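Hello,

Here is the structure I promised to pass on to you. Have a look at it first, and then read my notes below.

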Amino acid sequence: VMCKRFGARRIIALDHHEHRLAVSQFYGADFAINGAAEDVLQQFADCNDGEHADIVIEAAGRESSINLSYELAKDFDGFILQFGLPRMPMQVDYGKMFWKRLNVKSMVHAAREPHHSSTRYALDLIDQELDVSRVITHRVDFDAVHRAFDLQRTASDGAIKTLVDMP
């Protein structure tokens with residue numbers, strides 16, 4: 001929804017979980033590709049008139065998804081916005097990023113931002129325009145916080161986002 005609001009012509013969602021792809025289409029993705037497929041690059045090209053992406057939003061923080069973002073982005077002026085938080089050291093194809101002259105911006109530490117302006121802006125948009133009920137799939141008590149982390153890590157039981165109720 002927000003990508004369209006900010007001018008995206010075409011949104012192509014990639015994920016390994018069908019339930020997440022279905023939700024992405026509900027929220028405005030024009031195409032949904034299962035990232036576990038062997039021909040992801042060809043499927044992407046088919047959805048995007050044979051072109052690479054102007055903007056790639058990488059949200060998993062995994063070695064494979066970061067390297068895939070480098071493949072998907074357009075040469076010379078492709079922009080990659082990295083939301084995914086890497087959880088361990090990894091090998092990414094820095095040479096691909098370098099030779100394609102990609103612009104890469106990582107988004108982290110919103111909590112450290114002065115006056116939390118990005119968080120406040122996002123909350124205002126959610127409050128005014130977005131129904132996030134389809135994204136929040138689970139809710140657990142704080143005593144079960146480990147279950148929340150497991151749901152997020154595995155995407156099991158149809159998990160997308162899990163709320164933890166604080167005592």
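Two strands pair if DSSP finds at least two bridges between them. Helices (H or I, at least four residues) and strands (E, at least two) are DSSP runs, numbered from the N terminus. Please keep in mind that this is a predicted model, where local features need pLDDT of at least 70, side-chain atom pairs count only at pLDDT 80 or more, and totals for chains, interfaces and linings use all residues. Residues are numbered from 1 along each chain as its sequence is written, and side-chain values use heavy atoms, leaving out hydrogens and water.

Now to the sheet. Strand β4 (residues 79-82) pairs with β5 in the parallel sense over 4 bridges, and Gln82 stands opposite Ser106 in β5. Both strands belong to an open sheet of 3 strands with the order β3-β4-β5 and parallel pairing. Its edge strands, β3 (55-58) and β5 (103-106), each pair on one side only.

What does the chain look like as a whole? The protein chain has 7 helices and 7 strands, in the pattern α-β-α-β-α-β-α-β-α-β-α-β-α-β along the sequence. Its radius of gyration (taken over C-alpha atoms) is 17 Å, close to the 15 Å from the globule rule (2.2 Å times the number of residues to the power 0.38) for 167 residues, so the chain is as compact as a globular protein of that length. The C-alpha atoms fill a box of roughly 50 × 35 × 35 Å, taken along the principal axes. Buried residues (under 20% relative accessible area, 1.4 Å probe, protein chains only) make up 27% of the 167 residues.

Enjoy exploring!

How values were computed. Buried < 20%, exposed > 50% of the residue type's maximum accessible area, 1.4 Å probe, protein only.
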